[in-house]
Amino acid sequence: MVEMMKRDWILFKNKFLFMIPIMSISLILLYPKADEGYFIIGLPLIFILPVLLFVVDDKDKGTQQLLSLPFSRKGIAQGRFFSAWILMGVGFAYLLVLGFSLGIFYPEAFISFVGYLKLETLFLYLWFLTALVLIAFPVLFALLGKGIQALVFVGLGLNLLLGVFFMFQFQSAGPDLFEIIKGLVLSIRAYHQGFMSYTTSLLILILLNWLNLRLCQWIFMRKEF
Amino acid sequence: MNALEIRDLNKRFPKFHLQDINISLPQGFAMGLVGRNGAGKTTLFKIIMNHLFNDSGSIQINGLHHRRDEALAKSQIAYVADAPAFSAELSLQTLKNAFATVYKTWDEQKFQTMVAKFQLNLRSNYKSLSKGMKTKFYLALSLCHDAQLLLLDEPTAGLDPVVRREVLDLLRQELQDEKKAVLISTHVTSDLEGIADYLTIIDNGRILMSESRETISDTWRLIKLDKIAPQISSDSSIEGQSKTAFGYSLLTSNYPAIRSLIPQDTVIERPNYEDIMIHMVKGDS
């Protein structure tokens with residue numbers, strides 16, 4: 001399994017490294033409004049990364065290569081499950097360090113500039129739209145008879161929507177557009193608002209993503225390459 | 001025990017059906033799997049490697065079930081896919097490291113010998129290599145862990161004659177080890193001459209014939225006639241026929257059985273693998 005995980009790292013590291021600047025930019029843009037939960041914004045992104053392990057490389061090259069080596073499908077799926085959790089741990093640590101660094105070095109002038117351009121609002125719009133598109137993809141895939149891809153995209157879309165949800169938890173005033181979708185999560189939010197601490201939110205997010213990864217494993221075991 | 005044993009294998013796609021595939025490849029022998037593009041060769045390889053799932057039937061590699069004992073079975077296989085799934089931006093050294101770590105039987109000395117022979121620079125990126133160099137590197141990677149079964153999916157496709165010869169020489173060298181078995185697919189039948197002990201022809205998802213070189217040499221013949229008598233063309237040993245500029249050419253799998261039906265002055269030839277493929281796949285009957 002260790003060999004499999006090492007091999008996964010070799011094959012996928014570029015994709016992961018590519019995600020680091022995206023996470024950083026997200027954080028920088030969202031930092032001014034994220035107050036005490038600044039890194040919560042980045043968390044869903046961390047959880048999306050492991051899912052990418054299962055979505056696999058373009059044309060499934062990485063997985064085809066693994067399947068051509070002395071690994072069983074079950075072994076690959078288990079290895080990726082553990083890789084995913086390790087990756088999440090590393091990502092979380094990275095966000096903590098980045099968050100502290102931003103807290104120390106973030107210039108006030110930049111906060112005003114970002115606020116003026118409403119870049120964070122734009123980013124949130126894009127995020128929300130991406131989530132909707134990802135949720136809509138399965139319909140398209142289902143129509144095309146590609147059930148496996150449909151399930152993977154449901155997982156990704158749910159992750160992004162979770163991001164929006166958790167942002168509501170920590171944002172005092174969201175952009176107007178989000179009033180529209182607020183209703184969708186309002187009941188859940190009201191239910192949790194009284195007692196839901198940051199730790200509880202994190203635990204729920206981890207539990208949901210555990211289920212998500214299990215779903216990915218199940219998909220992987222049945223996917224043809 | 002056979003190195004590869006495929007029994008009653010079926011795999012159905014919306015527009016293609018790999019149907020009732022039976023293959024037995026003994027240890028120490030090479031089998032050529034010949035067929036046109038889209039005949040089902042790559043699909044068969046992918047099922048053996050568990051990239052695709054078979055609907056029914058069984059596959060055993062040295063007695064190991066290809067799915068139940070997947071990791072162990074694969075450790076005995078060297079698989080050279082028709083399109084290598086390497087990450088193009090990685091260096092040859094990195095790719096080699098990734099391969100070498102997963103095989104307990106990795107032979108670094110053999111790899112370095114091949115690298116030197118093929119003049120490969122391990123610091124190069126995979127994407128910077130020519131088609132021929134990519135194939136050589138892929139073969140070097142695949143043949144250095146003492147695999148007992150070599151699955152080669154069109155390893156010579158798209159190569160220039162010089163590289164093609166080098167690759168075929170390498171395969172001949174590998175075959176000198178009598179423990180190794182090879183299943184090699186191609187649509188260039190001349191690649192198999194002098195390599196394949198068995199010839200299997202696949203077309204449209206079905207195996208048309210699978211015979212040893214000895215059987216083909218002993219009983220298969222090309223019969224060249226000006227005109228075909230009905231009692232000859234209807235004989236069950238006639239595997240295919242084609243029209244030529246000078247008359248007709250018939251392929252029989254049992255010449256001794258129909259020898260008495262053939263006129264005295266008829267031209268009779270031993271067919272090569274290409275003759276067999278053309279008559280069986282593209283023949284007029």
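Predicted model: local features only at pLDDT ≥ 70, side-chain atom pairs only at ≥ 80, totals over all residues.
Which residue forms a salt bridge with Arg164(B)? The partner is Asp191(B), and the closest N and O atoms of the two are 3.0 Å apart. Arg164(B) belongs to helix α6 (residues 161-175) of chain B, whereas Asp191(B) sits in the loop between β8 and β9 of that chain, so the pair ties together parts that are 27 residues apart in sequence. Arg164(B) is buried, at 18% relative accessibility, and Asp191(B) is buried too, with a relative accessible area of 3%. As a general principle, side chains of opposite charge can pair when their charged atoms come close.

**Further along helix α6**

Next, select Arg172(B) and Asp169(B). These residues form a salt bridge, with 3.1 Å between the closest N and O atoms. Both lie in helix α6 of chain B, and because they are 3 residues apart, about one helical turn separates them. Arg172(B) is partly exposed, with a relative accessible area of 31%, and Asp169(B) is partly exposed at 35%. Then select Lys110(B), Asp146(B), Glu174(B) and Lys180(B), which salt bridges with shared partners join into one network.

**Helix α2 of chain B**

Move to Glu70(B) and Lys74(B), whose side chains meet in a salt bridge at 2.7 Å, N to O. The two residues are 4 residues apart in helix α2 of chain B, which means that about one helical turn lies between them. Are these residues buried or exposed? Glu70(B) counts as buried, at 4% relative accessibility, and Lys74(B) is buried with a relative accessible area of 2%. Over all chains, a search of the whole structure finds 14 salt bridges.

Return to the loop between β8 (181-186) and β9 (198-203) of chain B and select Thr189(B), which lies in it. Thr189(B) is buried, with a relative accessible area of 3%. Apart from neighbours within four places in sequence, Thr189(B) is in contact with Val34(B), Tyr273(B), Glu274(B) and Met277(B).

Now display helix α10 (residues 273-281) of chain B; its buried residues include Tyr273(B) and Met277(B).

**Where the two chains meet**

Show both chains together. In this view, 24 residues of chain B are in contact with 22 residues of chain A. The area buried between the chains is about 2100 Å², and carbon and sulfur atoms give 55% of it. How many salt bridges are counted between chain B and chain A? The count is 1. To find it, select Glu224(A) and Lys11(B), whose closest N and O atoms are 2.6 Å apart. The elements that give two or more residues to the side of chain B that touches chain A are α2 (70-75) and α3 (92-102) of chain B. The largest share of that side, 6 residues, comes from α3(B). By type, the residues on that side divide into 13 nonpolar, 6 polar and 5 charged.

**Chain A**

Of the 225 residues in chain A, 50% are buried. Among its contacts between residues at least 6 apart in sequence, 81% join residues at least 24 apart.

Terms used
Residues numbered from 1 in each chain as written. Chains lettered and ligands numbered in written order. Heavy atoms only, no water. Contact = heavy atoms within 4.5 Å. Buried area = accessible area lost by both parts, 1.4 Å probe. Salt bridge = Lys/Arg side-chain N within 4 Å of Asp/Glu carboxyl O. Nonpolar A, V, L, I, M, F, W, Y, C, P; charged D, E, K, R; others polar. Buried < 20%, exposed > 50% of the residue type's maximum accessible area, 1.4 Å probe, protein only.
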